[in-house]
Amino acid sequence: MRPILMKGHERPLTFLKYNRDGDLLFSCAKDLSPTVWFADNGERLGTYRGHNGAVWCCDVSRDSMLLITGSADQTAKLWNVQTGAQLFTFNFDSPTRAVDFSVGDKLAVITTDPFMELPSAIHIKRISRDPSEQTGDSVLTLKGPQGRINRAVWGPLNKTIVSAGEDAVIRIWDSETGKLLKESDKEIGHKKTITSLSKSADGSHFLTGSLDKSAKLWDTRSLSLIKTYVTERPVNAVAMSPLLDHVVLGGGQDASAVTTTDHRAGKFEAKFYDKVLQEEIGGVKGHFGPINALAFNPDGKRRITEGMKGYISVDLFFSSGGEDGYVRLHHFDQDYFNIRI
């Protein structure tokens, strides 16, 4: 797999997100400007200028018209994807961390970090299709747990919110009442900070990655543990293939420890595992620093017909973002689809 290297950020990457059609890739980094790229060839389309701090997370609406970003500058912003115009700024009293549009894009969940005397919090905001009618009012605000909430996503039918973070506990909240419905079992759950969370395409299960050197697959409704994937380095990012039963984990040492070793010892590769058998099936190297973000293109299959012979060509892209400031766009060889364990 020969990757396309995309250099659009001056600082380490924090998050990657494809739009639903799979033709655009959005990247966030510790610099101030989220960036959008063409997903197939890595051409940079533009940047979204307006934040004054590291941008931790983003999400894009189903019709690819709206982008929401969360930043350390204590704001979350709504953008027009096409023009790059700022449509609205949600102001908070502490840094914002995770953002996620609900199904239907009428609501967004935004988490804020503990700061000074303030605890972590989960805010639900109504999203208006008309920017002139947008307000900053919260539909619901939940007081979060001790420590940062690194990820918060909507559960099935927008009825719940799933959150995870520094205290290593996954929580499911009722999105209407704010009531805490379930917590992950400490015995079987993660032992250290949960860094990342990725939902399956149908929302029935999700994958979490943790600094305890493992990733875990959970049932979204019951919060029962389905599978555990063990690796030998902290996991900063996780993703699930839309086509095959594969999960990919990315990570490496903490950035502060990297300088004491060469990059081969840092193990900065994306590792692929069989989702069912939990066995490692391969890895993709290339980054010169820990991998902080991973994403699979959701638009997996592409049908090509040539002349009278109609044949199917399967295309799959996967992207990784690292501490080195690069986004790497990987195009899978046909061999990848024939892997057998």
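**Cores, a buried asparagine and the repeats**

In this predicted model, the largest nonpolar core has 27 residues, of which Phe26, Leu67 and Phe90 touch the most other members. Two or more residues of this core come from each of strands S3 (24-29), S6 (55-60), S7 (66-71), S8 (75-80), S9 (86-91), S10 (96-101) and S11 (107-112). S6 gives the most, with five residues. In soluble globular proteins, nonpolar side chains tend to be buried together.

Setting aside neighbours within four places in sequence, leucine 67 is in contact with Phe26, Tyr48, Cys58, Asp59, Val60, Lys77, Leu78, Trp79, Val81 and Phe101. There is also a second, separate core, made of 14 residues, and Ala239, Val284, Leu316 and Phe332 are among them.

Strand S22, residues 235-240, contains asparagine 236. Is asparagine 236 buried or exposed? Its relative accessible area is 17%, which is under the 20% limit, so asparagine 236 counts as buried. A polar atom of the asparagine 236 side chain lies 3.3 Å from the backbone oxygen of isoleucine 291. Beyond neighbours within four places in sequence, the contacts of asparagine 236 are Thr195, Ser196, Leu211, Gly250, Gly251, Gly252, Pro290, Ile291 and Asn292.

Residues 142-183 are 0% helix and 52% strand, with end C-alpha atoms 15 Å apart. Residues 187-228 are 0% helix and 52% strand, and there the end C-alpha atoms are 13 Å apart.

Note on methods
Residues numbered from 1 in each chain as written. Predicted model: local features only at pLDDT ≥ 70, side-chain atom pairs only at ≥ 80, totals over all residues. Heavy atoms only, no water. Helix = DSSP H or I, 4+ residues; strand = E, 2+ residues; numbered from the N terminus. Core = buried A, V, L, I, M, F, W, Y, C linked by side-chain atoms within 4.5 Å. Buried < 20%, exposed > 50% of the residue type's maximum accessible area, 1.4 Å probe, protein only. Contact = heavy atoms within 4.5 Å. Polar contact = N/O pair within 3.5 Å; in protein donor to acceptor, adjacent residues only side chain to side chain.
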